[in-house]
Amino acid sequence: MLIIQELLFVIAFGIAVYLFSRKARQIRRNILLGRDVQLNDEPAARWQNVLLLAFGQKKMFRNPLVAVLHFFVYAGFVIINIEILEIILDGILGRHRLFAPVLGGLYPVLIGCFEILAALVLIGCAIFLVRRNIVKVKRLNQHELDGWPRSDANYILITEIALMLLFLTMNTADQALQQHGHEHYMATGAFWVTGPFVSLFSGLPDGTLVAIERTCWWLHILGILAFLNYLPYSKHLHIILAFPNAYYADLRPKGKMENMPAVQKEVQLMLQPELAADAPAGDIPKFGAKDVPDLTWKNLLDAYSCTECGRCTAACPANITGKKLSPRKIMMDTRDRAEAIGAQIAKTGSFTEDGKTLLRDYITEEELRACTSCNACVQECPVSINPLHIILQLRRHLVMEESSAPQEWNMMFSNIENNMAPWKMSPDDRDKWAVEMNG
Amino acid sequence: MQIKTMAEYAASGETPEILFWVGCAGSFDQRAQKITKAFATILDKVGVRFAILGKEESCTGDPARRAGNEFIFQMMAQNNIAVLNGYEVKKIVTACPHCFNTLRNEYPELGGHYEVIHHTTYLQQLIDEGKIRMKEGGTFKGRKITYHDSCYLGRANDIYEAPRKVLEALDAELVEMKRCRSNGLCCGAGGAQMFKEEEKGTTRINFERGKEAVETGAAVIASNCPFCMTMLTDGVKEQGKEESVQVLDIAELVAQQITQQ
């Protein structure tokens with residue numbers, strides 16, 4: 001009987017790991033659809049970001065109450081993984097509480113800590129469900145979340161609550177069996193959270209208790225393996241990608257826009273035609289971004305790291321004043337488009353024009369034109385996403401590839417070109433104020 | 001006062017301490033010209049030897065770049081860099097955070113390397129060095145002033161304290177808006193929005209910000225950017241408070257309080 005359980009576990013575990021790694025490779029391939037950028041300089045500063053922003057969740061603490069709850073869920077999830085290691089080893093080796101004899105008196109303390117964390121995860125997730133569905137916090141209930149994203153968020157929270165309940169129920173049944181002196185369930189002492197609840201179970205016969213304990217054990221670990229495979233299809237992928245995304249975050253001042261060396265060179269040749277003779281004729285470059293492959297791989301990593309929390313959108317001046325722009329939607333659209341292209345590659349082996357582009361089929365001009373480049377979205381994002389970089393690249397495409405700009409912008413462009421100022425003013429009047437002061 | 005251009009300094013074989021980069025708004029916008037004049041007056045009183053580029057100055061290219069027109073940006077940037085490098089400019093002070101950001105962060109990789117300082121930081125340095133002294137019991141003593149963080153000085157370049165220190169030196173009571181420092185709400189002008197109508201929405205960004213600023217009960221809204229100045233002035237008007245609430249640049253506040261040196 002035990003050997004069948006071991007075998008079933010190994011098969012389930014193997015399938016879960018195989019499926020997850022296959023999907024992870026697809027996501028990696030989708031991210032690498034983006035153009036290359038070098039983001040490996042200053043490793044010390046980058047590791048500091050990983051520690052502060054990813055591990056320390058520094059930006060979450062801009063809202064301390066939510067940050068503490070989120071930290072419980074995060075710490076619970078990370079630390080309970082140690083327990084999952086024991087569960088996996090138990091499953092493979094057909095043992096029960098493999099670490100208990102090794103750790104001795106420390107074991108119930110450790111499990112006690114896990115149980116406290118499990119309870120905190122449970123409470124945290126329950127409050128998050130209330131915030132989403134009853135209190136209806138604005139940023140968690142905006143249009144771009146209609147349909148799947150809203151369900152996705154609820155599924156995640158409900159699953160986490162279910163997993164924690166299974167874990168705690170399993171421990172309760174286990175302790176009842178220990179009290180009954182069941183040979184397979186070695187005595188570990190009472191656990192901190194579930195200990196007081198054991199009396200609820202102690203009246204049950206051993207057979208029922210073993211059934212409860214085993215069912216919980218199996219549902220818990222199968223649930224975790226299923227959840228692992230749910231991640232790559234879900235916004236919840238941030239629990240993994242937040243770490244590399246913090247490492248590769250832009251270290252330069254937020255006000256700096258990415259340079260376009262191709263345009264720089266072209267203008268240089270225009271201003272200094274004598275250099276043109278030596279200049280090799282290059283390919284005509286594409287200006288800005290129209291679709292996902294025109295963006296950088298970091299933009300795409302950003303999109304897959306987004307957990308749709310909406311802190312960006314809640315801080316966006318355009319969104320606050322009722323414009324269509326939502327930085328969160330920019331990220332969701334980018335991911336959706338990357339997934340659509342990825343699906344085509346998976347089917348046909350390569351990406352060919354499918355009549356759609358990120359610009360217009362996903363993100364409209366109206367959204368892009370509402371941006372004030374104020375960097376509030378970049379500042380707010382707890383996982384170092386930069387929606388502004390995508391917006392500005394799409395704007396570059398609109399203006400330079402399609403000459404699509406509002407009339408007022410076209411006037412501004414020609415004023416700068418002709419008068420060296422964005423307004424229709426004579427360059428001769430530029431120092432008029434000084435002439436007035438000089439009297 | 002005699003404001004000299006770089007060309008005039010060069011002609012006399014002299015070098016100024018700083019180049020005052022005026023910017024397009026500071027040069028042409030009637031309201032922003034007052035800020036320019038206030039800052040020039042302070043520099044003159046303190047005795048800083050400064051120059052302007054005068055007719056040789058061009059738009060930094062910031063609005064064109066942010067609207068998506070990299071060609072116009074590069075044309076402006078490369079011309080400006082040629083002029084600045086031609087005069088061997090080392091240190092630039094500007095009263096516009098957009099010019100500041102572009103000169104400081106975007107010109108270096110095009111070959112323009114300068115020490116670039118925003119005028120609020122420069123004023124703070126002059127106060128710290130004791131070069132600017134304020135009148136005793138000045139106009140702003142004990143009065144409520146709120147400060148609007150411009151996006152291009154604040155989030156874009158992480159400068160939050162220098163302007164506030166200048167305000168403290170005025171002995172005013174600084175009252176913060178709920179959204180301040182890195183949480184500051186944009187005035188609505190950045191990203192070339194200054195030069196176009198806002199997209200369709202429920203309200204204007206500057207109305208939202210104007211309301212927030214007025215609600216602090218401050219008599220003065222201090223700004224550090226000519227575009228914020230325009231936007232906030234309209235925002236205050238929309239609240240019907242233009243009689244009781246003034247929008248003033250930090251340089252204007254200092255210019256009112258500085259003693260004759």
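A residue counts as buried if 20 or more other C-beta atoms lie within 10 Å of its own, as exposed if 12 or fewer do, and as partly exposed in between, with C-beta atoms placed from the backbone. With that in hand, here are my notes.

1. First, the ground rules. This is a predicted model, in which local features need pLDDT of at least 70 and side-chain atom pairs count only at pLDDT 80 or more, while totals for chains, interfaces and linings use all residues. Residues are numbered from 1 along each chain as its sequence is written, and chains are lettered from A and ligands numbered from 1 in the order in which they are written.

2. B:Lys37 counts as buried because it has 20 C-beta neighbours inside 10 Å. Neighbours within four places in sequence aside, B:Lys37 is in contact with A:Trp433 and A:Met437; contact here means C-beta atoms, placed from the backbone, within 7 Å.

3. Nonpolar covers Ala, Val, Leu, Ile, Met, Phe, Trp, Tyr, Cys and Pro, charged covers Asp, Glu, Lys and Arg, and the others, Gly among them, are polar.

4. Chain B also holds an open sheet of five strands, in the order 1-3-2-4-5 and with parallel pairing; strands pair if DSSP finds at least two bridges between them. Strand 1 (4-5) and strand 5 of chain B are the edge strands, each pairing on one side only. Strand 2 (residues 18-21) and strand 4 of chain B run parallel and are joined by three bridges. B:Leu19 has B:Ile92 of strand 4 as its bridge partner. Helix 6 (residues 97-106) of chain B packs on the sheet, touching strand 2, strand 4 and strand 5.

5. How much of helix 7 of chain B is covered? Seven of the ten residues in this helix (residues 119-128) are buried, among them B:Tyr122, B:Leu123 and B:Ile127. The cover includes helix 3 (30-46), strand 4 (91-94) and strand 5 (115-118) of chain B. Just after helix 7, B:Gly130 takes a positive phi of about 80°.

6. Over in chain A, helix 3 (residues 64-93) and helix 5 (residues 106-133) pack at about 140° with axes 8 Å apart. Axes are lines fitted to C-alpha atoms, for helices over the stretch in contact, and angles run from 0 to 180 degrees between N-to-C directions. That angle makes helix 3 of chain A oblique to helix 5 of chain A; under 35 degrees would be roughly parallel, over 145 roughly antiparallel, 65 to 115 roughly perpendicular, and the rest is oblique. The residues of this contact divide into 15 nonpolar, two polar and one charged.

7. One more pair in chain A is worth a look: helix 2 (residues 43-55) and helix 9 (residues 238-247) pack at about 140°, with axes 7 Å apart. Their contact includes A:Arg46 and A:Asn49 of helix 2 and A:Phe243 and A:Tyr247 of helix 9. By class, seven of the contact residues are nonpolar, one is polar and one is charged.

Notes:
Helices (H or I, at least four residues) and strands (E, at least two) are DSSP runs, numbered from the N terminus. Two residues are in contact if their C-beta atoms, placed from the backbone, lie within 7 Å.
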